[in-house]
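Good morning. I will go through one structure today, starting with some helix pairs and ending with the ligand. Please have the sequence and the model open.

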Amino acid sequence: MNTLQYTVDAEGIALIAFDLPGRPMNVLTPQLQNELAEVIEKAAADAAVKGIVLTSAKPGAFIAGADIKDMVSAFDRGLSAAEGAAMSRVLHGILRRMETCGKPVACAMNGLALGGGLEVALGCHYRVLAEGAEVGLPEVGIGLLPGGGGTQRLPRLIGVEKSLPLLLTGQKLKAAEALKLGVVQAVGKAEDVVALAREWLLKSPKAVQPWDEKHYRVPGGAGPLAPHAQRSFMAGTALTAANTQRNFPAPLAILSCVYEGTQLNIDAGLRIESKYFGQLIAGPVARNMMRTLFINKNAADKLARRPAGVARSKVGKLGVLGAGMMGAGIAYSASAAGIEVVLLDSTQEMAEQGKQYSARLLDKALSRGKTTEQKREAQLARIKPTARYADLAGCELVIEAVFENRAVKAEVTRQAAEVLGPDAIFASNTSSLPISSLAKTYKLPAQFIGLHFFSPVDKMPLVEVIMGEKTSEATLARSLDFVAQLRKTPIVVNDGPGFYTTRVFATFFQEGLLMLEEGIAPALIENAAKMAGMPVGPLAVSDEVSMAFQLKGIEQNLADGQKLTPHLARVIQVLRVMVEDARRIGRRGGAGFYDYPAQGKKQLWAGLAERFPLAAQQPEVEALRERFLTIQALETARAVEDGIVQDAADADIGSILGIGFPVWTGGTLSYIDTLGVDRFVAQCERLAAAYGERFAPSAWLRARAQSAQRFHPPMAGLAA
Ligand code: NAI
């Protein structure tokens with residue numbers, strides 16, 4: 001046996017310890033599944049064996065789940081739903097044989113058990129979990145469902161009502177919660193779990209699952225009309241409604257598995273689960289989510305784009321210039337990561353106000369039991385508010401987050417440069433000004449870089465790292481180390497107006513402004529964007545960004561030589577109506593497309609109907625949805641063409657984590673690849689004919705379509 005050890009002790013207890021060679025954790029490779037099947041037969045046939053314990057020889061982890069490599073190669077093969085269903089039937093067969101082999105089987109989870117790992121445990125008659133370990137079925141998070149019996153055994157074990165939230169959210173359970181819910185029957189120290197499992201086998205073993213006993217009824221799911229079952233499903237439907245509306249097929253498939261499966265016996269239920277699993281794994285959503293959110297995001301977090309040959313570094317002291325919304329947020333995230341922060345603003349008082357932002361966040365965390373008084377004090381003590389540049393002495397990195405104004409930025413850069421040492425890196429958090437032009441104001445342009453955070457900084461996981469023309473590889477490497485120190489996800493892009501994310505995001509909310517100008521109902525515009533999967537509608541986004549700020553940005557770009565296209569002229573017109581005529585600049589000014597009452601929720605401004613009269617004919621939601629997705633994907637393709645984005649993985653991660661492009665697509669370039677570049681180009685041409693030049697695909701993109709050149713390579717190469 002290569003993947004597990006099998007021993008039988010003097011008391012007749014067979015111990016199966018998973019130990020996948022060359023991997024830090026066990027995953028359910030085809031070989032491991034085969035060998036498990038083999039040893040189950042061996043134990044079943046051995047009269048000396050009284051009971052079986054499953055455990056892991058890897059410290060801290062039982063089984064982490066499915067084998068991603070195996071899945072990826074299935075995705076690359078383009079497997080059919082029937083083949084996907086067959087994949088799930090293999091594990092079903094093994095676990096079904098295990099639970100009906102006549103010998104009691106106990107699972108000693110010495111560490112985490114996720115996905116397929118927990119499903120193996122659910123196929124045992126008794127489960128012990130190590131304190132501090134977690135269990136869960138997180139498949140929904142990558143567009144799949146637990147296809148190893150999880151949707152059938154969990155509801156049968158703990159009831160429909162309790163299992164649905166776990167299956168639909170993918171939430172992980174700590175040991176105490178798992179015990180309370182009945183997912184496990186005992187909790188002990190990691191070193192004792194095998195002994196506890198043996199004790200059960202020797203004292204009170206049972207070799208039959210509850211669901212194989214006569215007259216078994218699924219708790220809370222006894223029949224289609226049982227009122228408590230109805231209630232659970234209604235709650236489950238509510239949970240999935242928001243998600244499925246946004247194009248995720250997995251939650252609805254999970255609900256169907258539980259609803260249909262628990263009305264039948266376990267074998268029929270498992271067949272239903274396989275059918276739905278096959279459909280999901282053969283579809284594009286699971287493939288795209290797995291690639292972007294699992295494989296590529298993990299690689300980005302491990303700094304896949306970090307230049308080799310530069311020693312790993314850590315920032316001990318960080319300078320933040322500007323204690324406004326962004327500066328205060330960066331100071332919070334850095335201090336939370338244990339970094340000393342000098343937070344500088346024009347006056348001591350404004351700097352102190354910036355620090356208060358962290359105090360407020362920490363107060364909230366304290367009231368929710370997420371931090372302790374001691375930790376709160378320690379983190380706040382790491383933030384030093386100041387108005388004196390001399391305090392920046394000794395900073396390894398300074399991030400500038402003052403007003404979006406070249407002159408102001410140049411001045412703070414000059415003053416900081418006088419204090420900073422020769423090794424210090426200077427970064428700008430500008431959201432749109434080209435980095436190479438800002439770098440000219442720093443004494444060492446090679447040590448100047450863009451570190452573009454997103455608002456609110458404490459919640460948003462992305463940092464867009466922008467290379468100026470002269471930024472050195474060492475500066476990039478050290479900046480990426482800093483992003484990792486903050487536990488955020490970096491993408492690396494080249495310089496240009498709006499870099500990558502700002503440039504693409506602008507096309508989204510500008511498309512909303514154009515729709516408004518066309519006479520489309522504001523509520524329809526907002527809802528269509530949300531139904532496409534964007535977290536916030538374009539008019540609400542416009543209010544957040546501030547329309548005065550947008551106008552200034554556009555004027556700056558035009559002054560820098562950007563062409564005034566017909567659609568940009570229309571966008572400017574809409575912004576002027578709001579800023580200059582209606583005097584509603586957006587949220588910061590207290591009024592924009594929305595009203596922001598002191599009490600209650602924001603509401604679309606009633607005056608919009610007068611400024612932007614409704615067209616007699618309103619479009620279908622689908623037409624608007626298509627425009628929102630297409631314009632952003634097309635702008636991404638242009639950013640690739642312009643050399644701003646070099647890596648399809650970065651483009652997808654940035655679009656999802658930075659601007660909220662719908663998760664179900666896997667990102668802007670996955671959206672194009674999934675449609676097929678040729679179909680995407682045809683879609684753009686159709687939209688260009690209807691709505692204007694901004695949708696016209698370039699010759700470069702048309703050539704790509706002709707040679708069927710996808711943006712993403714096959715996944716196999718990524719899943720190293
Ligand atoms: P803000 O207006 O909230 O804060 C700017 C801060 O800089 C203010 O506290 C101001 O007193 C301070 N400041 C201005 N001149 C100064 C000087 N000479 N010396 C010291 N401090 C000075 O602006 P916000 O939103 O925090 O934006 C800051 C930067 O971050 C801008 O470049 C912006 O484009 C960028 N950014 C903004 C995002 C957003 O969502 N608001 C997102 C990403 C980047």
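**Helix pairs, backbone and ligand shell**

Let me start with helix H28, residues 677-691, and helix H29, residues 699-706, which pack at an angle of about 140° with 7 Å between their axes.

The next pair is helix H5, residues 150-158, with helix H6, residues 160-169. Their axes are 7 Å apart, and the packing angle is about 140°. H5 and H6 are therefore oblique to each other. Which hand does the crossing of H5 and H6 have, left or right? H5 passes H6 in a right-handed crossing. H5 brings Thr-151, Leu-154, Pro-155 and Ile-158 to the contact, while H6 brings Val-160, Lys-162, Ser-163, Leu-166 and Leu-167. By class, the residues where H5 meets H6 are 6 nonpolar, 2 polar and 1 charged.

The last pair is helix H14, residues 348-367, and helix H15, residues 373-381. Here the axes come within 10 Å and cross at roughly 170°. That angle makes H14 roughly antiparallel to H15. The crossing of H14 past H15 is right-handed. Ser-358, Ala-359, Leu-362 and Leu-366 are the H14 residues in the contact, and they meet Glu-373, Arg-376, Gln-379 and Leu-380 of H15. The contact of H14 with H15 divides into 4 nonpolar, 2 polar and 2 charged residues.

Now two points about the backbone. Most residues other than glycine have a negative phi, and most peptide bonds are trans. Where are the exceptions I want to show? Pro-456 sits in the loop between strand E16 and strand E17, the latter being residues 462-467. Another is Phe-499, a residue other than glycine with a positive phi, near 45°. You will find Phe-499 in the loop between strand E18, residues 489-494, and helix H19, residues 501-518.

Which of the 25 residues around the ligand come nearest? They are Gly-322, Gly-324, Met-326, Glu-404 and Ser-455. Helix H13 (325-336), helix H16 (406-419) and strand E16 (448-453) are the elements that each give two or more residues to this shell. By class, the ligand shell has 13 nonpolar, 9 polar and 3 charged residues.

Finally, a word on confidence. The mean pLDDT of the protein is 94, with 96% of its residues at 70 or more. For the complex, the predictor gives an ipTM of 0.99 and a pTM of 0.88. One caution applies to any such model: where pLDDT is low, the predicted coordinates should not be read in detail.

Notes: Residues numbered from 1 in each chain as written. Predicted model: local features only at pLDDT ≥ 70, side-chain atom pairs only at ≥ 80, totals over all residues. Near = placed C-beta within 6 Å. Helix = DSSP H or I, 4+ residues; strand = E, 2+ residues; numbered from the N terminus. Nonpolar A, V, L, I, M, F, W, Y, C, P; charged D, E, K, R; others polar. Axes fitted to C-alpha atoms, helices over the stretch in contact; angles between N-to-C directions. Parallel < 35°, antiparallel > 145°, perpendicular 65-115°, else oblique. Left-handed = near helix turned anticlockwise from the far one by under 90°. Contact = placed C-beta atoms within 7 Å. pLDDT = per-residue confidence, 0-100.
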